[in-house]
Amino acid sequence: MKKINVKELNKKIKLLILKKKYKWADKYQLKEILKGIKEKLDVSIYAKPVFNYMQMEIIRWGLEDGLDVHLYADKKFNSEQMLQIYFGLIDEINVETYADPKIPADVMEKIRNELIYKTYK
């Protein structure tokens with residue numbers, strides 16, 4: 001007889017329950033929502049069909065770190081741009097100078113690095 005992994009079974013049950021509420025979500029998005037719920041985060045900020053699981057993850061990181069995620073929790077930013085804004089918030093620099101969806105992520109990174117250099121010079 002095969003042994004039942006209770007922990008894995010509970011995880012699958014939780015994902016099935018979430019799937020009823022978030023019908024639009026794929027399994028990766030559901031996992032990000034579940035991680036936020038476990039951490040008692042306000043998942044309503046990122047549990048939206050406009051965000052892919054990578055964007056959800058970056059928003060969740062910001063919530064866990066107590067950052068103002070509203071600066072980047074916007075469908076206009078792709079995940080790479082969100083990541084640069086997240087890093088800037090972690091570095092405690094003024095991200096508003098480059099938090100513009102028209103600026104590519106690689107340019108955001110250069111601006112962020114320049115701001116870090118000027119801040120800690």
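Q: Is Q84 buried or exposed?
A: Let's start with the terms: buried means under 20% relative accessible area, exposed over 50%, and partly exposed in between, with a 1.4 Å probe and protein chains only. Q84 has a relative accessible area of 8%, so Q84 is buried. Bear in mind that this is a predicted model, where local features need pLDDT of at least 70, side-chain atom pairs count only at pLDDT 80 or more, and totals for chains, interfaces and linings use all residues. Residues are numbered from 1 along each chain as its sequence is written, and side-chain values use heavy atoms, with hydrogens and water left out.

Q: Which residues does Q84 touch, not counting residues up to four places away in sequence?
A: Contact means heavy atoms within 4.5 Å. By that rule, Q84 touches Y98, A105, M108, E109 and R112.

Q: How are two packed helices described?
A: You give the angle between their axes and the distance between the axes. Axes are lines fitted to C-alpha atoms, for helices over the stretch in contact, and angles run from 0 to 180 degrees between N-to-C directions. Here, helix α4 (residues 79–90) and helix α5 (residues 105–119) pack at about 10 degrees, with axes 8 Å apart. That makes α4 roughly parallel to α5, a label for angles under 35 degrees. On the α4 side, the contact includes Q84, I85 and F87.

Q: At what angle do the axes of α2 and α3 cross?
A: Helix α2 (residues 27–38) and helix α3 (residues 53–64) cross at roughly 15 degrees, and their axes come within 8 Å. That makes α2 roughly parallel to α3.

How values were computed. Helix = DSSP H or I, 4+ residues; strand = E, 2+ residues; numbered from the N terminus. Parallel < 35°, antiparallel > 145°, perpendicular 65-115°, else oblique.
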